[in-house]
Amino acid sequence: MRFAIVTLLFSLMQYVSPSLALSPEMTYEKRLLVTTDKRERVKLTLAEVTTDMKEIRCALNIAYKESRYNVDSFNKSSGARGVWQLLWGKPHWSLLKQTKEAHKYVLHRYETWCAAYRFHQERNWY
């Protein structure tokens with residue numbers, strides 16, 4: 001019986017409007033379920049690690065240039081994986097785990113996402 005209820009709820013979640021996905025009552029996981037746009041999924045995940053919109057825009061620019069927001073992106077020549085093309089990334093990492101790891105790296109190396117993006121613009125890597 002529980003399985004049937006969960007299945008029904010999940011199927012209904014697919015028809016929830018994107019504006020409802022931004023509702024404060026919805027958890028991060030539920031928002032990801034109803035958001036189909038790759039860019040919006042990455043943006044929602046970035047909001048879990050920073051609230052600065054300028055930093056989020058810079059991070060989104062990096063994600064687009066690195067992987068076109070593709071969570072499963074893989075670079076055969078370097079072995080880099082995921083949205084952020086992390087060299088130490090694992091194939092089973094979720095978008096949130098990838099973003100948290102990238103955020104730690106960016107803070108350690110560049111201090112801000114915008115500084116990382118400036119570096120990326122100059123050298124085409126970060």
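I started from T45, and looked up what T45 touches: leaving out residues up to four places away in sequence, the partners are Y28, L32, L95, L96 and T99. The model I am reading is a predicted one. I placed T45 in helix α4, which covers residues 38-46. Is T45 buried or exposed? I find a relative accessible area of 0% for T45, and because the limit for buried is under 20%, T45 is buried.

**Helix α4**

I went through the rest of α4 for burial. V42, L44, T45 and L46 are buried there. What do the buried residues of α4 pack against? I noted α3 (28-34), α5, α6 and α7.

**Helices α6 and α7**

Next I looked at how α6 and α7 meet. I keep in mind that two packed helices are described by the angle between their axes and the distance between the axes. Helix α6 spans residues 95-109 and helix α7 spans residues 113-123; I read an angle of about 80° between them, and their axes are 9 Å apart. Which residues make the contact? On the α6 side I listed A102, H103, V106 and R109, and on the α7 side W113, A116 and F119. I sorted the residues of this contact by type and got 5 nonpolar, 1 polar and 1 charged.

I also went through α7 for burial. The buried residues in α7 are W113, C114, A115, A116, Y117, F119 and H120. I looked for what covers them, and the cover includes α4, α5 (53-67) and α6. I then stepped past the end of α7: N124 follows the helix, with a positive phi near 65°.

**The disulfide**

How many disulfides are there? I count 1 disulfide. C58 and C114 form the disulfide, and I read 2.2 Å between their sulfur atoms. I checked the torsion about the S-S bond of C58 and C114, which is about 90°, so I record the disulfide as right-handed. Which helices hold the two cysteines? C58 lies in helix α5 and C114 in helix α7, so the pair ties together parts that are 56 residues apart in sequence. I checked burial as well, and C58 and C114 are buried.

Last, I looked at backbone phi in the loop between α5 and α6. I note as background that most residues other than glycine have a negative phi. R68 is in this loop. R68 is not a glycine, yet I read a positive phi of about 60° for R68. Y69 is also placed in the loop between α5 and α6. Y69, not a glycine either, has a positive phi of about 65°.

Notes
Residues are numbered from 1 along each chain as its sequence is written. This is a predicted model: local features need pLDDT of at least 70, side-chain atom pairs count only at pLDDT 80 or more; totals for chains, interfaces and linings use all residues. Side-chain values use heavy atoms; hydrogens and water are left out. Helices (H or I, at least four residues) and strands (E, at least two) are DSSP runs, numbered from the N terminus. Buried means under 20% relative accessible area, exposed over 50%, partly exposed in between (1.4 Å probe, protein chains only). Contact means heavy atoms within 4.5 Å. Axes are lines fitted to C-alpha atoms, for helices over the stretch in contact, and angles run from 0 to 180 degrees between N-to-C directions. Ala, Val, Leu, Ile, Met, Phe, Trp, Tyr, Cys and Pro count as nonpolar, Asp, Glu, Lys and Arg as charged, and the others, Gly among them, as polar. A disulfide is a pair of cysteine sulfur atoms within 2.5 Å.
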